[in-house]
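Dear colleague,

I am handing over the structure below. Please open it alongside this message; what was found follows.

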Amino acid sequence: MQNTKNIAIIAHVDHGKTTLVDRILYQSHLFRENEDVGELILDSNDLERERGITILSKNVSVRYKGIKINIIDTPGHSDFGGEVERVLNMADGVLLLVDAFEGPMPQTRFVLQKALELGLKPIVVINKVDKPNCQPDLVHEAVFDLMFNLEANEDQLNFPTVYGSSKHGWMSDDWQKPTTDVTHLLDVIINTIPDSVFEEGTLQMQITSIDYSSYVGRIAVGRVHRGSLRANMPVSLVKRDGSIRKSQLKEVYVFEGLGKEKTKLDVPAGEICAVMGIEDFDIGDTIADAEFPVGLVPIKVDEPTMSMLFTINNSPFFGKDGKFVTSRHLRDRLFREIEKNLALRVKETGSPDSYMVFGRGILHLSILVETMRREGFEFQLGQPQVIMKEIDGIRCEPIEYLTVHVPEAFSGKVIDIVTGRKGELLNIETKGDRIVLEFNIPARSIIGLRNTILTSTEGEAIIAHRYKGYEPWKGDLAVKRNGALISMETGLAIAYAIDKLQDRGSFFVDSNDPVYGGQVIGEHIRPDDLVINVCKTKKLTNMRAASADDKTSITPPIKFSLEEAMEYIRNDEYVEVTPKSIRIRKIVLDEIERKRKKIWAAQDGPAL
């Protein structure tokens with residue numbers, strides 16, 4: 001029987017993880033010499049390529065010196081922790097990739113902690129040693145300290161270290177002695193990571209991932225934990241709640257290179273495979289023996305910390321861009337997502353048109369929103385809210401551990417901003433020409449924080465955060481946003497009107513952009529909202545005036561990304577998301593109705 005090693009690659013966002021996988025794939029001669037496969041092979045999703053981050057975990061395999069190495073690429077951002085937690089169950093060891101300048105970052109700590117808890121053997125790869133001002137030796141010490149703080153055992157602390165540059169395609173045991181390829185890393189993997197152990201007994205395979213094919217439907221992916229399986233064998237499906245359903249495997253695939261290969265042979269314990277033919281399965285279920293089924297412990301995933309209202313688009317422009325606009329479309333899509341996205345929850349509300357979606361953070365929710373709008377969905381989003389809990393009779397909220405890398409000149413500004421949002425300064429450290437600031441901060445304070453810090457630091461700050469836990473409520477925030485400039489009527493925004501109104505605030509729309517009554521088209525210079533008419537045209541007259549021939553000079557509008565719009569809105573506003581546009585609007589479009597509601601709310605009267 002062939003030797004198999006299963007290894008997960010974990011790293012902070014943008015530390016070169018996917019590039020390293022590229023080099024390993026090239027090293028194992030997986031492609032023809034004249035085959036053009038490009039860069040970032042595993043980041044096959046458009047969103048992943050655009051953002052430069054890994055969102056979905058993926059499996060590939062390479063063969064080296066007669067040994068099959070299954071490589072599991074994991075996301076680096078803690079918002080995708082649901083992906084990380086389940087795929088680590090398939091691994092025998094982990095490759096911890098760390099930037100030679102930045103060192104271990106908060107997200108690195110989050111994923112590494114999960115791996116160490118599972119007892120996986122780590123190999124440390126210090127990447128980007130060709131960077132100027134890098135400090136590989138100090139980074140090595142920092143990684144050791146991190147593992148010690150995470151209570152790694154003696155074997156895990158005795159980790160091998162590999163130095164190199166994924167970008168230039170070399171790995172070595174000494175960062176000052178570059179080599180020509182990554183064979184040193186592959187040798188260390190073979191010598192360090194234990195072989196997958198074949199465990200005798202009845203079949204057990206936990207479903208840790210779900211693939212989908214339009215031809216055969218849902219495909220269960222996981223690692224065979226005990227015994228072996230083969231095509232056409234009868235099995236039992238042990239659900240998370242303990243119920244058992246009889247079924248039969250139709251086809252079995254193993255991972256070879258970048259794809260899957262059909263096999264008629266027995267797949268032994270320790271191997272990762274994909275099976276077809278089972279119906280109504282979920283992540284965490286166990287495929288077990290037909291006669292004597294024994295389920296594995298279901299995968300434990302951290303709870304969501306943020307919620308957001310998803311509702312149908314009912315603006316005057318609904319249905320112009322999207323293909324899927326009804327509540328049935330929205331409901332089916334959200335419930336389809338939770339089948340494979342473990343960290344997500346969907347809850348029905350009192351309205352048939354609205355659903356409450358719970359996730360790990362703004363990025364986690366925004367990736368779902370962005371995916372849906374690219375599929376042709378139109379819908380609206382409410383203001384993100386953190387999930388409160390009552391622990392021992394005390395009201396508690398989620399706390400995040402925040403790290404900001406910033407030039408020394410801006411460090412005072414960052415401290416003022418974060419402490420003004422109930423942040424607590426933990427540590428200040430100098431790293432080269434930058435200051436590293438560490439804080440504990442309420443999760444609700446992070447909503448809208450990134451833009452404020454980037455503006456105050458002229459775009460120089462590097463911001464990262466990870467979930468820490470629940471702590472007692474820190475009190476109300478003093479963060480206030482200026483009022484909104486609201487469109488009075490529906491039509492096209494006119495340059496003449498925008499020019500005359502520029503002293504009232506900054507605009508989010510350009511000339512000739514379509515707007516509707518109740519749409520938020522700018523930010524007022526004062527705290528209260530202001531309704532304005534940007535559709536007003538210049539009146540033609542045969543009388544000459546002093547200002548008749550003035551040139552129109554418009555300041556470029558502020559354009560929000562999806563995450564920025566989600567962080568910007570207040571509780572009386574929605575973000576309208578369509579395949580072509582992202583708009584901010586008031587929930588109540590009619591101005592008189594808004595005023596009436598405001599008066600009733602001030603008098604604490606009944607809701608309309």
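In which loop is the place of N512? N512 sits in the loop between strand 30 (505-507) and strand 31 (514-515); strands here are DSSP runs of E with at least two residues, helices are runs of H or I with at least four, and both are numbered from the N terminus. Although N512 is not a glycine, its phi is positive, at about 75 degrees. N512 is exposed, with a relative accessible area of 53%; exposed means over 50%, buried under 20%, and partly exposed in between, using a 1.4 Å probe and protein chains only.

This is a predicted model, in which local features need pLDDT of at least 70 and side-chain atom pairs count only at pLDDT 80 or more, while totals for chains, interfaces and linings use all residues. Residues are numbered from 1 along each chain as its sequence is written, and side-chain values use heavy atoms, with hydrogens and water left out.

K128 is another residue other than glycine with a positive phi, near 60 degrees. K128 lies in the loop between strand 5 and helix 5.

Overall, the protein has 15 helices and 35 strands. Of its 608 residues, 53% count as buried. Among contacts (heavy atoms within 4.5 Å) with a separation of 6 or more, 71% are between residues 24 or more positions apart.

Leaving aside residues up to four places away in sequence, M147 touches L96, L112, L116, P122, V124, A152, Q156, L157 and F159.

Last, a helix pair. Helix 10 (residues 411-419) and helix 12 (residues 449-456) pack at an angle of about 155 degrees, with their axes 10 Å apart; axes are lines fitted to C-alpha atoms over the stretch in contact, and angles run from 0 to 180 degrees between N-to-C directions. The two helices are therefore roughly antiparallel, a term for angles over 145 degrees. K413, V414, I417 and V418 of helix 10 meet L449, T452, I453 and S456 of helix 12.

Regards

How values were computed:
Parallel < 35°, antiparallel > 145°, perpendicular 65-115°, else oblique.
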